[in-house]
Amino acid sequence: AVRTPTVWSKVVAHRLYVFAGLGLSCLAALCMLIRGRYEPLSGTLFRLEYSLLGCLYFVLLLSVLLSPAVSSLFLLRPLRYMGVIAYGAYILYLPLIAVLRELGVYLHPASRGVTTLASSVIAVAGSLALASLSWEYFEKPLVKRGHRWRYSRCKS
């Protein structure tokens, strides 16, 4: 849309609809979270929920492109850092949550709800900490090493 001037001019002209869509998508996502009838790591999110999240991300991206105020929120240092370590956190979270939930249920089978909540919080914190360490001591040095190389065009 941004690269096609006629489409982008229509988006800009109707930006109030984009912001309304952002508000409605956020409200729907909040209702989805509050409703909470699904378990993480299960197949229950494969219905309407993923479509809703896709719509939310779409109107969020348009809103960032349309509004300096919205885009400035994403320039906050903590969010930018989260963007740097996001992939590592994503990769590390699943094994951590699986191990911690099983361990929690094994140690405290009677308090399953509290165990699930505690293991989720610990898994998020642990994956962020491990992703930070991975970035600092593994990924960042590799990126720096890669930037030392110059790439040239292949002659054909």
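Biologist: Why is Ser 63 called buried?

Modeller: Buried means under 20% relative accessible area, with exposed over 50% and partly exposed in between (1.4 Å probe, protein chains only). Ser 63 has 0% relative accessibility, so it counts as buried. The residue lies in helix H3 (residues 48–66), where a helix is a DSSP run (H or I, at least four residues) numbered from the N terminus. The model is a predicted one: local features need pLDDT of at least 70 and side-chain atom pairs count only at pLDDT 80 or more, while totals for chains, interfaces and linings use all residues. Residues are numbered from 1 along each chain as its sequence is written, and side-chain values use heavy atoms, with hydrogens and water left out.

Biologist: Which residues is Ser 63 in contact with, leaving aside its neighbours within four places in sequence?

Modeller: They are Val 18, Phe 19, Leu 22 and Val 70; contact means heavy atoms within 4.5 Å.

Biologist: Why does Leu 53 count as buried?

Modeller: Its relative accessibility is 19%, and therefore Leu 53 counts as buried. Leu 53 also belongs to H3. Leu 53 and Ser 25 are 28 residues apart in sequence, with their C-alpha atoms 7.9 Å apart in space.

Biologist: What describes the packing of helix H2 (residues 15–35) and H3?

Modeller: Two packed helices are described by the angle between their axes and the distance between the axes. The axes of H2 and H3 come within 9 Å and cross at roughly 145°. Axes are lines fitted to C-alpha atoms, for helices over the stretch in contact, and angles run from 0 to 180 degrees between N-to-C directions. The contact includes Ser 25 of H2 and both Leu 53 and Ser 63 of H3. Its residues divide into 15 nonpolar, three polar and three charged (Ala, Val, Leu, Ile, Met, Phe, Trp, Tyr, Cys and Pro count as nonpolar, Asp, Glu, Lys and Arg as charged, and the others, Gly among them, as polar).

Biologist: Where does H5 bend?

Modeller: H5 bends by about 55° at Ile 85, the bend being the angle between axes fitted to the seven residues ending there and the seven starting there. Ile 85 is among the buried residues of H5, and these pack against H6.

Key:
Helix = DSSP H or I, 4+ residues; strand = E, 2+ residues; numbered from the N terminus.
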